[in-house]
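I opened my notebook to record what I looked up in this structure. The entries follow in the order I made them.

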Amino acid sequence: RPLQNMTFVLFGATGDLAQRKLFPALYNLYLDGKLPETISIVGLGRNYCSDEIFQSKVEKALYAYSRRSIHASSLPAFLEKFRYCSFDATEKESYYKLRELIENRENELGIPQNRLFYLSVAPSLIDIITSHLSKSGISQNNGWKRLIVEKPFGNSLKTARKLNENLSNVFREEEIYRIDHYLGKPMVQKLRTLILANPILESLLNHKQISNVQITASETVGVENRADYYDKAGAIRDMVQNHLLQLVTMTAVYLSDNFMKNKGRVKKTDIIASLQPIRKEKAYQSVVRGQYGPGEVQGNPVIGYKEEPGVNDSSTNDTFFAARLSIEHPSWNGIPFYIRTGKRMNQKSTQIVIEFENKVMDLNTQLGSSPNLMILEISPNESISLRVNLKDPSSTGYKPVWIDFSTSSENQPEAYELLLYDALRGDSTFFADWREVELSWKWIQPLLEAYQEELLPLYSYPAGSTGPEMANELLLTDQSKWW
Ligand code: BG6
């Protein structure tokens, strides 16, 4: 898809995401020649600030967060694309002012009325902004329009549906880009071609060989300064409903021989729709939730969740979530998927592990081997490794060894860069469509109810550990363990 000249309107231009991710992403795209030839970028924020000051804030963010060093000579032309508009999302006059600015720039630059709106704002403002975009005529333009929305997309099935209904009054489904930055991680984007380019994997990744799949997204950070949001969201809304379920479906669609057999016709929605619902009364059998207590993370003592600033000292919010999922789909029937995520764990790591069936037994010693594993590390490093067994000459058994391929993640494009580029071109492949979001909330909903009705215990785990002990028991029924 070719890039077309356009206006990029950023709501929340003074926020954290803009500084850390969006400005650096735009700059790196610019260096790679991946911005439209002429682009007008309009940043919106509540406070007054001149264009010059805004541009110098953008510059500061680039020096602080760009993955590549700044080319002083190319900087002025990049910054010149930016304009600022002080803005109150609830006030209709603000939208008329914005419309005027957008149109003036379009005329000045001689570009068509192609408009991309990026909402990096509090969830409560999304409805208000989209309805004002329509009422003020900004979204009734003579060109294409697109809307990028950040998570959280609702906080329950009901609120997500309502939000979607409101958005669809102004934007068509194909104009809405629901961002899930895990879908922008380079390794996740590579899953699609992994089997296509490596026919030997097709014979490995099949129903007969795979014993279980484990997906982990662990973090060392705690709640940081986001208690306001996080204490209401918890790990289940913050990580599971979106990132983890997306990883489950990406794995189930692409790491399967069925993908080849069906010529890629299995869709992500087919997979989410076939996730077996977990009944709230039975949730305790396949879900473990936890909250970190005080401990030590990589040598540094840290406080427990309840002591964090902004968190209620009787909070029952979860900072850890693990579950056993079943997918009732011909490719995955009977193969459990285990997922887990947590804050303040022992390491920062996102990975997909495929554990293979293991039937090897040494005839002489009767000693078994360890299962073969395929590990796809998604972040912070990217690697693919395969664990095989070798006869260990120094003992009577087998010794597992790794066949390893790692790439350095240094100077790889960041998730936001890849996703923004797709949205600029109008390619929504790596964005979550409404059906996926709705189905994932549907799967989550009984668990939220189980929380509310106190049907699921909350286990404590020391900061710096791998989570509550109970999470290990989830795998015992399958005679496995977390890798
Ligand atoms: C965000 C969550 O979506 O993802 C954060 O809101 C979390 O709580 C972050 O820390 C993790 O992303 P990454 O890319 O660091 O794994």
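Entry one, the ligand. I am working from a predicted model. I began with lysine 151, where a polar side-chain atom lies 2.7 Å from an oxygen atom of the ligand. I then looked up histidine 243 and found a polar side-chain atom 2.7 Å from a ligand oxygen. For histidine 181, an N or O atom of the side chain is 2.8 Å from an oxygen atom of the ligand. I also checked how much of the ligand is covered: taken alone it exposes 400 Å², and the protein buries 80% of that.

Entry two, the surroundings. I listed the residues around the ligand, among them Tyr182, Lys185, Glu219, Arg226, Asp238 and Met239. Lys343 and Lys348 are also on that list. Sorted by class, the shell holds seven charged, two polar and two nonpolar residues.

I looked up the UniProt record, an unreviewed entry, which annotates residues 9-189 as "domain: Glucose-6-phosphate dehydrogenase NAD-binding". In the model this span is 44% helix and 15% strand. I noted 26 Å between the C-alpha atoms at its two ends.

Cysteine 49 is in no disulfide, and the nearest cysteine sulfur, that of cysteine 85, is 11 Å away. A disulfide needs the two sulfur atoms within 2.5 Å. Is cysteine 49 buried or exposed? Cysteine 49 counts as buried because its relative accessibility is 9%, and the cut-off for buried is under 20%. Cysteine 85 is buried as well, with a relative accessible area of 4%.

Technical notes:
Residues are numbered from 1 along each chain as its sequence is written. This is a predicted model: local features need pLDDT of at least 70, side-chain atom pairs count only at pLDDT 80 or more; totals for chains, interfaces and linings use all residues. Side-chain values use heavy atoms; hydrogens and water are left out. UniProt positions are given in the numbering used here, feature names are shortened, and annotations may be inferred rather than shown by experiment. Helices (H or I, at least four residues) and strands (E, at least two) are DSSP runs, numbered from the N terminus. A residue is near a molecule or strand if one of its heavy atoms lies within 4 Å of it. A polar contact is a pair of N or O atoms within 3.5 Å; within protein, one must be able to donate a hydrogen and the other to accept it, and residues adjacent in sequence count only if both atoms are side-chain atoms. Accessible areas come from the Shrake-Rupley method with a 1.4 Å probe; for residues, only the protein chains shown count as cover. Ala, Val, Leu, Ile, Met, Phe, Trp, Tyr, Cys and Pro count as nonpolar, Asp, Glu, Lys and Arg as charged, and the others, Gly among them, as polar. Buried means under 20% relative accessible area, exposed over 50%, partly exposed in between (1.4 Å probe, protein chains only).
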